[in-house]
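Subject: Structure handover

Hello,

Here is the structure I promised to pass on. Please have it open while you read; my notes follow below.

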Amino acid sequence: MGESERGESAPRQRVSYWCANGHESRPAFAVDAEKPDSWDCPRCGLPAGLDEQAPPKPPRNEPYKTHLAYVKERRSDADGEAILAEALAKLKAKREL
Ligand SMILES: [Zn+2]
C-alpha cells in the first residue's frame with residue numbers, strides 16, 4: 001500500500017494553460033500521458049491553450065442563438081398565436097377587474 005500514492009511510480013508534470021482572460025491554470029499530468037491541447041479554465045470556464053501569447057479565442061454566444069432558433073423551429077405558428085391569445089386574455093381579465 002502507498003507505493004503509487006507517494007508518486008514514485010508515476011511521476012507527474014505540471015502543464016501551464018492560458019485562457020483569453022490571462023488566467024493560468026496548471027493541471028498535473030502523468031509524464032508519459034499525452035497532454036491535451038486545450039484545458040477549460042477553472043476560473044472563467046473559457047478554453048485555455050498551451051501558448052500564453054495565443055490563447056484560444058473565447059467561443060461566441062452561439063448556444064443562445066441556437067437555442068432561440070431551436071425554440072422557433074419547434075414552436076409552430078399556431079402555438080405562437082395560442083400563446084399570444086392567452087396573454088391578451090390575461091391582460092383583458094386584469095383590466096376588467
Ligand atoms: Zn480564465
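Which residues does Val15 touch, not counting residues up to four places away in sequence? They are Ser25, Arg26, Pro27, Phe29, Lys35 and Leu50. Bear in mind that this is a predicted model.

**Overall layout**

The chain has 97 residues, and 13% of them are buried. Its secondary structure comes to two helices and six strands. Along the sequence the pattern reads β-β-β-β-β-β-α-α. Take the contacts between residues at least 6 apart in sequence: 27% of them join residues at least 24 apart.

**The sheet**

Four strands form an open sheet. Their order is β3-β2-β6-β5, with antiparallel pairing. The edges are β3 (24-25) and β5 (38-40). Each has a single partner strand, so one side of each is left without a neighbour in the sheet. Strand β5 is joined to β6 (residues 47-49) by three bridges, and the two run antiparallel. Look for Trp39 there: it stands opposite Ala48 in β6.

Leaving aside neighbours within four places in sequence, Ser25 is in contact with Val15, Ser16, Tyr17, Trp39, Cys41 and Pro42.

**The zinc site**

Which residues hold the zinc ion as protein donors? They are Cys19 (SG), His23 (ND1), Cys41 (SG) and Cys44 (SG). These donors lie 2.1 to 2.3 Å from the zinc ion. Along the chain they follow the spacing C-x3-H-x17-C-x2-C. The angles between the four donor atoms run from 107 to 116°, which makes the arrangement tetrahedral. For reference, the ideal angle for four tetrahedral donors is 109.5 degrees.

Is Cys41 buried or exposed? At 4% relative accessibility, Cys41 counts as buried. Cys44 is at 32%, so Cys44 counts as partly exposed.

**The core**

The largest nonpolar core has seven residues in all. They are Val15, Tyr17, Cys19, Phe29, Cys41, Leu46 and Ala48. Some of these names have come up already. Cys19 and Cys41 are among the zinc donors. Val15, Tyr17 and Cys41 are among the contacts of Ser25. Ala48 is the residue opposite Trp39.

**The loop and the helices**

Moving on from the sheet, Pro59 sits in the loop between β6 and α1 (62-74). Pro59 has a relative accessible area of 55%, so it is exposed; the cut-off for that is over 50%. Not counting residues up to four places away in sequence, Pro59 touches Leu46 and Pro47. Pro59 and Pro47 are twelve residues apart in sequence, and their C-alpha atoms are 8.2 Å apart in space.

Last comes helix α2 (residues 77-96), with 20 residues. At 1.5 Å a residue, α2 should span 28 Å. Its end C-alpha atoms are 28 Å apart, which agrees. How many of its residues are buried? The number is zero, so α2 lies largely in the open.

Best wishes

Methods: Residues numbered from 1 in each chain as written. Predicted model: local features only at pLDDT ≥ 70, side-chain atom pairs only at ≥ 80, totals over all residues. Heavy atoms only, no water. Expected span 1.5 Å × (residues − 1). Buried < 20%, exposed > 50% of the residue type's maximum accessible area, 1.4 Å probe, protein only. Pairing = 2+ DSSP bridges. Donors = N, O, S within 2.8 Å, 3.2 Å for Na, K, Ca; no water. Tetrahedral: all angles 85-135°; square planar, octahedral: opposite > 155°, others 65-115°. Core = buried A, V, L, I, M, F, W, Y, C linked by side-chain atoms within 4.5 Å. Contact = heavy atoms within 4.5 Å.
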